[in-house]
Amino acid sequence: MTPESSRTNPASKANKPRIAVIGAGGTISTLSELGSLDLVNYMAFGSMLSVEEVLSAVPEAGHFADVVPVPFNTGSSTSWGYPEWHSLVQLINCLEQDHGPVDGIVILHGTGTLEETAYFLNLCLKSPKPVVFTGSQRPLSAISSDAPLNLVNALRVAGSPDARGMGVLVCLNDEIHAARDVVKGATSRLHAFRTPDFGLLGEVNGDGVNFYRRPVRRNYPESEFDIGSLDALPRVDIAYSYAGEDGQVVRALAAAGAQGLVVAGFPGGRLSPAQREACLQAIDAGVAIVVSTRAGSGRAHLAQDLTQGGMVAADNLSPQKARILLALALTVSREKTELERIFARY
């Protein structure tokens with residue numbers, strides 16, 4: 001039974017969970033200078049609120065949790081990469097030393113790279129606390145903004161005992177998704193975040209938080225990746241398959257210093273003949289090659305000529321998530337059998 005299921009008035013709960021809310025910018029923290037109808041230009045003509053200001057704008061958040069605001073970053077998630085991910089992991093791993101015990105953590109994040117940051121944390125965190133990402137499709141200033149309810153629902157999920165051991169979670173539009181599986185599948189619709197192959201983990205309804213399945217792939221804090229002393233990850237780039245692809249992109253990325261490449265192959269994990277030849281040449285030069293699919297759903301199941309040539313299947317990971325896992329995997333091993341093990345486990 002979730003903490004909410006026995007009450008109708010959320011403010012009457014005697015022992016609310018203590019939830020840290022980390023402000024990492026994004027649409028959910030933005031006010032447009034152009035008014036409540038601006039759904040396009042708010043990043044260019046707007047202001048980014050601090051996490052304290054966002055919480056002040058959504059007083060309903062205090063109905064469900066004793067909220068601990070934790071400033072981190074203010075800006076667009078399109079500028080994020082390994083330095084921000086590393087700093088966020090370190091912040092969370094040490095959060096209780098600086099802010100005292102918490103029952104869970106909510107991260108306010110831009111939706112552009114939310115799925116990537118969430119998956120990176122899912123692989124690298126050492127803190128066992130529930131971590132829930134949320135964002136919004138419409139700025140806080142917009143008419144009918146989804147920001148307030150997404151924030152409130154993320155707090156409810158982070159405070160639910162059922163969220164423990166589920167890996168990093170993503171909560172938007174009343175839905176709960178696993179960080180490994182979720183993708184942003186629409187540019188501006190409220191139902192943008194989806195899990196194509198397996199569906200959502202649960203829902204946040206007016207009467208409670210309800211989970212219906214659990215992820216089975218390994219996640220934090222049991223993962224084997226340790227980024228504590230890493231200033232940078234091995235460079236991994238993404239090449240795309242398309243009609244007429246001649247292999248030049250793969251060659252250029254290998255020449256630019258990529259230690260690994262993810263190929264977003266044709267559905268099923270196929271490559272053009274020229275791209276296949278370029279990948280085999282890159283493998284001979286020491287570049288690790290993982291093949292995903294551009295289809296948006298389903299596993300990459302590689303033919304023998306690709307696996308025997310040294311390529312590794314990304315399973316059903318999207319190209320952008322396969323890139324993250326490959327970069328981390330290369331800090332553990334460069335052996336093909338080890339890379340295959342990691343992609344089968346995570």
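Which residues are buried in α9? Select helix α9, residues 319-329, to find out. P319, K321, A322, I324, L325, L326, A327, L328 and A329 are buried in α9. Buried means under 20% relative accessible area, exposed means over 50%, and partly exposed lies in between, using a 1.4 Å probe on protein chains only.

Before moving on, note that this is a predicted model, where local features need pLDDT of at least 70, side-chain atom pairs count only at pLDDT 80 or more, and totals for chains, interfaces and linings use all residues. Residues are numbered from 1 along each chain as its sequence is written, and side-chain values use heavy atoms, with hydrogens and water left out.

**Stop 1: around α9**

Stay on α9. Here 9 of the 11 residues are buried, so the helix is largely enclosed by the rest of the structure. Helices (H or I, at least four residues) and strands (E, at least two) are DSSP runs, numbered from the N terminus. Now show what covers the buried residues of α9: the cover includes α2 (82-93), α4 (114-124), β13, β14 (260-265), β15 and α10 (336-345).

**Stop 2: the cores**

Select F120. Leaving out residues up to four places away in sequence, F120 touches Y82, W85, H86, V89, I227, L233, I324 and L328. Contact means heavy atoms within 4.5 Å. F120 also belongs to the largest nonpolar core, which has 57 residues. I107, F120 and L121 have the most contacts inside this core. A nonpolar core is a set of buried Ala, Val, Leu, Ile, Met, Phe, Trp, Tyr and Cys residues joined through side-chain atoms within 4.5 Å. Next, pick I19, V21, L155 and A178: they are included in a second, separate core of 32 residues. In soluble globular proteins, nonpolar side chains tend to be buried together.

**Stop 3: an open sheet**

Select β13, β14, β15 and β16. These 4 strands form an open sheet in the order β13-β14-β15-β16, with parallel pairing. β13 (236-240) and β16 (312-313) stand at the edges, each with a single partner strand, so one side of each is left without a neighbour in the sheet. Two strands pair if DSSP finds at least two bridges between them. Zoom in on β15 (residues 288-293): 2 bridges join β15 to β16. There, V291 stands opposite A313 in β16.

**Stop 4: a hairpin**

Select β11, residues 202-205. Its covered face holds G202 and V204, while E203 and N205 make up the uncovered one. Which strands pair with β11? Strand β8 (residues 175-178) does, in the antiparallel sense over 2 bridges. E175 stands opposite E203 in β11. Strand β12 (residues 208-211) also runs antiparallel to β11, joined by 4 bridges. A hairpin links β11 to β12 through 2 residues. Look for N205, which stands opposite G208 in β12.

**Stop 5: the pockets**

Select V183, G296, S297, N316 and S318. Among the 19 residues that line the largest pocket, these lie nearest its centre. The largest pocket has a volume of about 270 Å³. On a 1 Å grid over the protein atoms alone, a pocket is an open set of points where a 1.4 Å probe fits, with protein on both sides within 12 Å along at least five of seven lines; lining residues have an atom within 4 Å of a point. Grid points are joined across faces, edges and corners, and a volume is the space filled by probe spheres set on the points. Helix α9 gives the most to this lining, with 3 residues. By class, the lining has 6 nonpolar, 8 polar and 5 charged residues. Ala, Val, Leu, Ile, Met, Phe, Trp, Tyr, Cys and Pro count as nonpolar, Asp, Glu, Lys and Arg as charged, and the others, Gly among them, as polar.

Now go to R180, D181, P215, V216 and R217, which lie nearest the centre of the second largest pocket. The volume of the second largest pocket is about 210 Å³.

**Stop 6: two single residues**

Select R194 in strand β10 (residues 193-194). R194 is partly exposed, with a relative accessible area of 35%. Beyond its neighbours within four places in sequence, R194 is in contact with H177, D181, V182, V183, G185 and A186.

Finish at E245, in the loop between β13 and α6 (248-255). E245 is buried, with a relative accessible area of 3%. E245 and Q275 are 30 residues apart in sequence and 6.5 Å apart in space, C-alpha to C-alpha.
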